[in-house]
Amino acid sequence: MSPSFFLSFTPDTKGRISATSFFKRLCSSICIAKTRITLQFYDQSNRGTLRETDVENYIFNLIPDLPPLANMSTAFHPFYVFTATRRFMFFLDPKRTGSIPIRRLVTSSIMEELLELGMEGKEASTNWFSSENSLRVYSQYLELDKDQNGLLSKTELQNYTGSERQPVRLTPAFIDRIFDEITTYQTSTNPNEKKGTGEMDYKTFLDFVLAMENKKSKEGLRYFWRLLSFGKDYLDSFAINYFFRDIVQILSDNNIEAARLSDVKDEIFDMVKPHDPLRITLNDLIRSGCGDTVVEMLIDINGFWAYDNRESLVYDDDDEEGGGEEDSPNN
């Protein structure tokens, strides 16, 4: 160990460092070194990066070494690999180059999460790489695929309800934008087929789920930005109106009075506090710390309703007797 390694610890008044902290850091360093060496064997291009297929091969070969995955059906292995790999690509390849530097892979929290599956005492149920989670996501996909053609249409994706922890009800306008912007599988051979009429495969669905379940992350916000901004460098009144009118319509259909567009627009701009008072940029949204709330207000009926009733919901939570419950769009 180098002197700098020891100096990276905070000593006590007698100049001693914690043996526990030292051991944990040492084990982590050894694990990183071993993982880097292993990953280099999968670097087919010899450029210090791994393509998506390289990461898939690494994870496929890693499955037997992770005890929590021992009972997973071999028939499910390919879908597990797709589910696991997509998390790496979503968070570590934000520019969608198709590859990730090995150095970034090894030191990422995503790799740490994967390798935690092999550690005793670690809770696997909340780990994206657990077999339970992969089955959850893949089961969602199968349940949505009503015509069982292995792909999701707009109508099928419209039935996506989120997770048990965060149920959602997405607007038709948002679903339309997904199919307008995201690369989908064209089921028709007609070259004049209208854009946005394709269907979504499992890998594309995984990106969608990762974004929906990680709205607070920069990567999640970048995913939504592409859909909300209509290819522009900013959000303006037009974009807010385009998405919010579906919110108004659906709430109205449920006999729930919605806020006025002008009020919602003002609230969004007040929350984000953009440099330009008429336009919100992606950097504004990320910097504000409330980008996830803005996204939910524009694409999710439940998300907007929860925001619009946030004060009464807090009151209800504190009310020991329960009190009256205001109608929600799901009631």
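Trainee: Why is E213 called partly exposed?

Mentor: This is a predicted model, and the value is computed from it. E213 has a relative accessible area of 23%. Buried means under 20% and exposed means over 50%. E213 falls in between, so partly exposed is the label.

Trainee: What makes the contact of E213 and R136 a salt bridge?

Mentor: Their side chains meet at 3.0 Å, N to O. The cut-off is within 4 Å, so the pair qualifies. E213 sits in the loop between α10 (202-212) and α11 (218-228), while R136 is in helix α7 (residues 131-144). They are 77 residues apart.

Trainee: How do you know that K154 and D176 tie together separate parts of the chain?

Mentor: The salt bridge comes to 3.3 Å, N to O. K154 lies in helix α8 (residues 154-157) and D176 in helix α9 (residues 172-181), so the pair ties together parts 22 residues apart in sequence.

Trainee: Why does D176 count as partly exposed?

Mentor: Its relative accessible area is 29%. That is between 20% and 50%, so the label holds.

Trainee: What makes E181 and R226 a salt bridge?

Mentor: Their closest N and O atoms are 3.9 Å apart. The limit is within 4 Å, so this pair counts. E181 is in helix α9 and R226 in helix α11, 45 residues apart.

Definitions and conventions: Residues numbered from 1 in each chain as written. Predicted model: local features only at pLDDT ≥ 70, side-chain atom pairs only at ≥ 80, totals over all residues. Heavy atoms only, no water. Helix = DSSP H or I, 4+ residues; strand = E, 2+ residues; numbered from the N terminus. Buried < 20%, exposed > 50% of the residue type's maximum accessible area, 1.4 Å probe, protein only.
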